[in-house]
Structures are given as C-alpha cells and as structure tokens.
Amino acid sequence: MNGTIIGTTWYDLQTNSAVARRIVNHGDGTLSAVWTACTGASPYNNRGTGYQYFDGTAWFPEVSNPLEQNHKTGWPNIGLLGSGKEFIMCHDGTVYNLQQGNNTIKGSQTWSFATSGATVPMAPSAEASLWARMAVAGPSDSTIHVISNCADTLIVKHGVKSPFLYSRSLNNGTTWSIKDSVLPGYTSARTKQDGGDAYDIDAQNTNVAIVRGGLAEDVILWRSSDNGNTFTQTLVDSIPFVRNMTGATPTDTMFTNDGSVSVVLDNNN
C-alpha cells in the first residue's frame, strides 16, 4: 500500500473510538484534511490542528505545525460552508471549551480561531464539552450540526452522567440557536454514564443522522428531516446489560460494540 505523507505529529491519540470528519472531498478534484498536530512531546503544549489541501494535482508541502498559535487544541473536524469558507471545530482540553475557526476560502492557509475575546465566536461550550463531531448542511450549507461529550461526571442530564449533547448554528457558526441539548429518549433508563468519541454524525440538505454506541451500550440512531428541529430515535442494536452491567457474570459472552461507530447518508438520504 503506497501513500503520500501529508503531515506528521507527536500526538498519537487521534481518537478514543469513532473517527471525526477529518477529510472532505469537495467534488471538484480537491481535498481538505485535518488531524491533531503537535511538534513536541508531552505535555504537548503546542498541540493543535494540522491542515492540508490537495489542489487537484498536489498536496501542500508536508505539514507539522498546527494552525493555532499559542493555543492548545485537538480533535478537529472540517467542513465546507456555502460561503466558500472552510470551517473547523476542535476542542480546548485545558479550559474545556469547543473552539471554532475558518479560513477565507477553501485551500487558504489564512485561518482565524476563537480565543477569549476573539472576533470569531466561541463554539457551544456551556457544559464543558469536548470531543466534537460536526456536519455542515442545511439551506445554502450554512447550518452546522455538532455533537459532543461532557468531560465532567458532575454534569448530569436526564440522569446520565457526562452526557453527550447536540448543538446547532443556522448562520455559519455566528450564533448557536440550539446549545447543549439532549436528544429524545436519551435517559438513564438505558445509559448510566457516557464517554467521548463513541458517536458520529452526518448531514445533507435538511437531513441529519446521529449514531451512538459504546462498550456495553446500545447502538442508537437519531434521524431528523427538518434540519435538526426534531429528532426520532431508533434502537439499532440493543444489549441486555446496559447502564452498569447488572446481571452479567464473568463467564457471560456479551455481544457488544467498542464505540467506533460511523453513519453516512446516501444520495437518497
């Protein structure tokens, strides 16, 4: 298997489970890619977003430096807005915020990222959420859908510790009309505590699909056809020992999933 080295990093943990949207095929022969970049060892203080672009003929020169300057981030997602700008969602594990940034047009290496007091607004972060997954769709590709996980076990929603949450912006990330909301049917009846990176999202037009899994957890799908206003839940695969393994013994064989889930909407939604 032959490949092209487009970038390097000292930070090996690119995900805990499911992989974020790290590459975009723009449909015109060009590609954009991101990853958690870092040029030094622990404590990885210069960790940030590695960005690469394929112009149809060649990639940029090999990248090692992150886009952010003097601001430690990680776990980037990338999408293309209808305005022609690329949009990145990542997280700051120091202050437990989601961060967002954009360039001027796809392929541009001029980026602006959110920091305290910056002109680019902060992403939804009221509940100390990390490990985001992002999809861009909606009218004129101006809607940004985000799911993330609360890193703090003291945060409890519908009885679930460290819940995963849904947020939405209808105006390219300028404001967030839905922020840190709980999807329908997500309660402690089947989930005791959640974790990072065990979920995925896809969207096109006004259709949104979200899937969540995890060790000893159900595989659950949420679907929306109205751009995230409402969702319906489907239990794709259930496990008998949900919540806290009640009833399980050391000799039981348990069919489950490891949280490395993925969801894709096809041309028929």
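**Close-up views of a predicted model**

View 1. The lining residues are Glu217, Asp218, Val219, Asp237, Ser238, Ile239, Phe255, Thr256 and Asn257. The space inside is about 30 Å³. A cavity is a set of points on a 1 Å grid over the protein atoms alone where a 1.4 Å probe fits but cannot get out; lining residues have an atom within 4 Å of a point. The volume is the space filled by probe spheres set on the points, which are joined across faces, edges and corners.

The model is predicted: local features need pLDDT of at least 70, side-chain atom pairs 80 or more, while totals for chains, interfaces and linings use all residues. Residues are numbered from 1 along each chain, and side-chain values use heavy atoms, without hydrogens and water.

**View 2. The largest nonpolar core has 22 residues.** Such a core joins buried (under 20% relative accessible area, 1.4 Å probe, protein chains only) Ala, Val, Leu, Ile, Met, Phe, Trp, Tyr and Cys residues through side-chain atoms within 4.5 Å. Among those with the most contacts inside it are Phe164, Tyr166 and Trp222. Strand E8 (129-137) is one of the elements giving two or more residues. E8 gives the largest share, 4 residues. Strands are DSSP runs (E, at least two residues), numbered from the N terminus.

**View 3. Tyrosine 166 and its contacts.** Beyond four places in sequence, its contacts (heavy atoms within 4.5 Å) include His145, Ile178, Leu183 and Phe231.

Key:
On a 1 Å grid over the protein atoms alone, a cavity is a set of points where a 1.4 Å probe fits but cannot get out, and a pocket is an open set with protein on both sides within 12 Å along at least five of seven lines; lining residues have an atom within 4 Å of a point. Buried means under 20% relative accessible area, exposed over 50%, partly exposed in between (1.4 Å probe, protein chains only).
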